[in-house]
Amino acid sequence: MKMKIGFEVHEQLATKRKLCCDCPTDYREAPPNTNVCPICTAMPGAKPMPPNVRAVDAVIELALMLGCDVVVDKPIYIQRKHYDYPDLPAGYQHSSTPIGINGELVGVRIREVHLEEDPGAYDPVAGTVDFNRCGIPLVEIVTEPDMHSPEEARRFLRQLMLVLDYSGKVRPEPGTLRADTNISLEGGTRVEIKNINSTKGAYRAVKFEVMRQKALIERGAVIPYETRAYLESQMITVPMRMKVVDFHVILDPDIFPIVIDRARVETIRKRMVEAPHQREQRLAKQYQISQAVAGVIVSERELANLFEAVAKEVDPKLVATWFQTNLKKVLNYMKLRATEVKFTHKQLAGLLRMVKAKRITPEQGELVLRKLVKQPAEPEELIRKLGLERLEKADLRAAVVRTIEENPKAVMDYRAGRKEALNFLAGKVMKFTRGRADPREILKFLRAKLKEKKKRRVSRRTKRSK
Amino acid sequence: MGRGTLEKLKAILQGELSATENVQQALNRIKELDKKIKAFIELNPNALAEAEAIDRKLKRGERVGKLAGLTIGIKSNINVKGLRATCASRTLENYVSPYDAEVIRRVREAGGIIVGMNNMDEFACGSSGETSAFGPTENPAVLGRIPGGSSSGSAAAIAAGMCDLCLGTDTGGAIRNPASHCGVVGIRPTQGLVPAHGLIELAVSFDQIGPLAPDVYGAALMLETIAGHNPNECTSLDSPSANYSDKLGIGIENIRVGTSPKFSELADSAVMEVIDGAVEKLHDLGAEVVEVELPNLEKSLSAYYVIMSAEFFSATRKFDGRKYGRRIEEVCGDEVLRRIKCGDYISRKDQHDRYYKRALQVRTLMRREFGEALNKVDVIVGPTVPKLPHKLGTKLSPAEMYAYDYLTSPISLAGICAGVIKAGEASGIPVGLQVQGKVLGEGTVLRVMRALEAAK
C-alpha cells in the first residue's frame, strides 16, 4: 500500500539565554519557576527583548546544513500562534516565518526551517506548570511528505538527529526531541500525530498508524482528518482531546521583523560544521575508503574528527578498518561515545603505526586499544606494561620446536591429516609466548617445522631401508 | 495649586515648598474631590515617605532629578511595583504589579512622587471614561459631561488640580481626546520614542505612553524624562535624548502650519469655530498657514478598529482565568467583550486577508499621506475630537462612540506625534487644538503649543 509520511521536528537550541529575555536556559537543574521573569511568563505589560541573535544564527546554520536556501534581505516575521493551554502564559506562541527553505536530506525534501519558542511544562496530574522551559528557543524543521514506509521515516529521522547532533546547536540531553508526523495512505486522509519524543517512538507510531489506517480502509471506513497523540507507554495513537482549529496567526506587533543579509549567511557558512552526510561523501573520496566504512566513521562527530586526525599520520585505509571494527567494537563494549574517550589522536596514531610496522600484531593492538580507552597512556608504555614486546624470531622458533616436542600426539594427528590439530598446536605456542607472537607467524613457523621434521623423518627412514 | 509647573518646581528646589507639603496638598485635594470626580482607583501609601526622602536630599544639597517632589498620577494600565494595575477591569482587580514599567523607573529616578493610579476606560477600551469597572469619571472642567477617554482619570486629575503631572496612554487618541475635553495639555509621542515595557496593551502597535499636564512646560518636562531608547525593547526607537523644556519659548515665526479642509468636513461647526480662531492666532504670532491634502483621512477609523481589535484579542489571551483572577470574557464589560469578539473574528485564518491585511494597507497609506503633507509644513493643526463631550449617562451606539476617534486615529496609524492644547471653549466646554508633527517632531509641536499658550 502506498503511503506518504512527513515530519515536523522541534529541538531546543543550545543557547545560554531564552529567545526574548535574559533568563538562563538550564531549566533541568533549576528548581521549578526560578528561571523566569515578567517577559517569559508574559506578565501584563511585559515586552519582549529583541530576539536572541545566537538563536537566529543557530537556525541559519542548521538550515545551511540541511541544504536550505536562507531567506536573505527580506523580512522574517515573528508571528503569534494562539492557543489556550496552561503551558502557554501569553496565550500565544512565537513562531517565525521560514528562515531556510527548499532543503534536502537523504532524499527527503525539507520544506522549511524556522524559529519557535518552547512553552512551559504542564503536569496535568498535579495541575502545576513550570515556566522554566518557557521561552527557550526551538528550531522547527518541516519536511515534505517524501517518506513512504516506517523504515524510511526512521532512517530519515536518524539522519536528521545526527545532523542536529553534529551541529552542536541543539541541546545534547536526550528527550528534547519533539516530532509531529503526517501520514496518509492511498485512498485515505491525512492524519497528524503529535507527542513523539524519539526516533524509536516515531517508527512505532508510524507503524501503528499505518496498520490502523489500513484496517479502516480495508473495511471501507472513511478516515477522518484528525490530530492524534502517540502514547509512548502503550505504543498506540489516540485522538487528541485538545483540538486547535485556528491559531489566529498575526504578525507580532511587539517585535520588528528579522532581516538577514548575505554577509551574515556567508560568515556562518564559513565557520559552520560539515554535515554528516556531506562528510561521509568527502571521507569516502578523500581517503579512498568505502561508503559503508565512511558511514560508520561519521556516525559520531568526534569519531570522524578523530579519524581525520589519525588518518593524517597513518595509512588511512588501515585507520578506516580499525575504526570500523576494532575501535567501534571496544567503544560499544565499554558503552562509550567518541566524545567520552580521553586518549589523544597521537596516541592512537602511534599504536596504529606499530601495527602497520608489524611491531605488534593486530590482536595485540586491540589489547592495547582497550587499555588505551580505559587509561590513556603512550602506546609504547602500554605495550611494555602488557608484556607485549614482540618475540625475536629465534625465540619463536624455539617455542615452536618445544611445542612440537611436547605434543607428539597432536603432531601425529596433524600428520595423519587432521588439520585442526594445527590450531591446537598454535594455541600452545601462543600460551607459551604469552600472546606475544603473531598468530599468522606462528602458523607459518609451525607448518614449516612440521614439514621439515616430516622430511627429515622420511629421509631417515630412507636411510634405514637402505 | 494654581501655579504653573515651572513655578512649582522652582519653589520646591528653593525650599519654599517642601515635597512633603506638595504631596500632602495633593492628597488633601484628592480626598476632597475624588468621591465626585473618580479620577483615582488607588493611592500610593508610600507617597509621603518618598517625598520625605526627596526633602532630605534637598536639605543635604544632593542632586535631585527633573521632577523632584512633583506629584504624579499613573494610568492604571502601567505597572507600578506594589500598586494594582487593574486596567479598571474586574479581570485584574487584584493584580499587584511585581515590577516597574520602564517609564516608572525613569519617573522615580527623576524624583517624581507617584501619588496613585488613575481611573480609565476598562482596558483602555472607550473614548468617554464611562467603561471603567470602578465607575465613570467626571469632567472637572464641565461637570456632568464625560471627561473623554480612555485616559479619563489622568486628564480629570490634572483638570481638578489633584496632582502635578500624569502619565496616560494613547492608542487611538486616549491621551488627546480627554486632554481636549478637560482643557489640559497632552502629548502622544512618536511611535517608539517612549519605552512601552510595562504598559498593559490595548493594541501594541499603537500604544504610546505620554504626559498629561496643566501646561506645556509640564508636558515637555515629563516627556523628556520618559523619552529615549530602551535597548531591551524591540520597538524602542534608537533616538538621541532630547531636551524640550529649554526651547519652548523660541516662538513660531516662519513656522509653516498646515490645515486641511477635511477637518471641517468631519468636525462639528461649534468645534471648528474655536479651532479656526486658534489657527488665526497662530497666524498672528508669525506662523505661515498653508493648506495641505489629506485625501484619505476618514479611512483611518475603520482600519484602526480592525487592527486594534485583532491585537487586543491577542493581548487578552493571557487573561485566561488561570493566573489573574477570572477569565476576561466572564467578567469584562460590553465594550471590552465586543472588541475581543471582533478581534477573534478578524484574526481568523479565513478572514485575515479580508480585514486585517487591508487595514494594514490603510496604515501604510496614512503613513505616506501624512509623510507627504508634513514634507510641506512643520506641523498640521486641527480639531482633536469632532464633537463636544456628551452628558454622562447618555446612551451612544458603538459607532457613535467610535466616531470620537475620527481625527486622532489617523495619527496613530501614521506613527507620528501630536499634542493637544486648549484652543478655547464652545458654550463653556473646552475644545483642544491638535498639533500634529513629524516623526520625532515633538520639539516643534511643543513650541507651537507653547506659543498659543503664552498668547492667552
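Me: Which residues have the most contacts inside the largest nonpolar core?

Reply: A nonpolar core is a set of buried nonpolar residues joined through C-beta atoms within 7 Å. In this predicted model, the largest such core has 152 residues, and B:I72, B:I78 and B:V448 have the most contacts inside it. Helix 10 of chain B, residues 300–315, gives the most to this core, with 11 residues. Another core lies apart from it and has 74 residues, including A:L66 and A:I193.

Me: What does B:I78 touch?

Reply: Leaving aside residues up to four places away in sequence, the contacts of B:I78 include B:A85, B:V103, B:L167 and B:I209.

Me: In what order do the strands of the open sheet in chain B lie?

Reply: The 11 strands follow the order 1-3-2-4-6-5-10-11-9-7-8, with mixed pairing. Strand 1 (40–43) and strand 8 (288–291) of chain B are at the edges with a single partner strand each, so one side of each has no neighbour in the sheet. From one strand to the next, the twist averages 30°.

Me: How many bridges join strand 2 and strand 3 of chain B?

Reply: These strands, residues 71–75 and 113–118, run parallel and are joined by 5 bridges. B:K75 stands opposite B:N118 of strand 3. Helix 2 of chain B (residues 19–37) packs on the sheet, where it touches strand 1, strand 2 and strand 3, and its direction makes about 20° with that of strand 3.

Me: How many residues of chain A are in contact with chain B?

Reply: The size of an interface is often given as the accessible area lost when the parts come together. Counted by residues, 25 of chain A are in contact with 29 of chain B. The chain A side comprises 16 nonpolar, 4 polar and 5 charged residues.

Methods: Residues numbered from 1 in each chain as written. Chains lettered and ligands numbered in written order. Predicted model: local features only at pLDDT ≥ 70, side-chain atom pairs only at ≥ 80, totals over all residues. Buried ≥ 20, exposed ≤ 12 C-beta atoms within 10 Å, placed from the backbone. Helix = DSSP H or I, 4+ residues; strand = E, 2+ residues; numbered from the N terminus. Contact = placed C-beta atoms within 7 Å. Nonpolar A, V, L, I, M, F, W, Y, C, P; charged D, E, K, R; others polar. Pairing = 2+ DSSP bridges. Axes fitted to C-alpha atoms, helices over the stretch in contact; angles between N-to-C directions.
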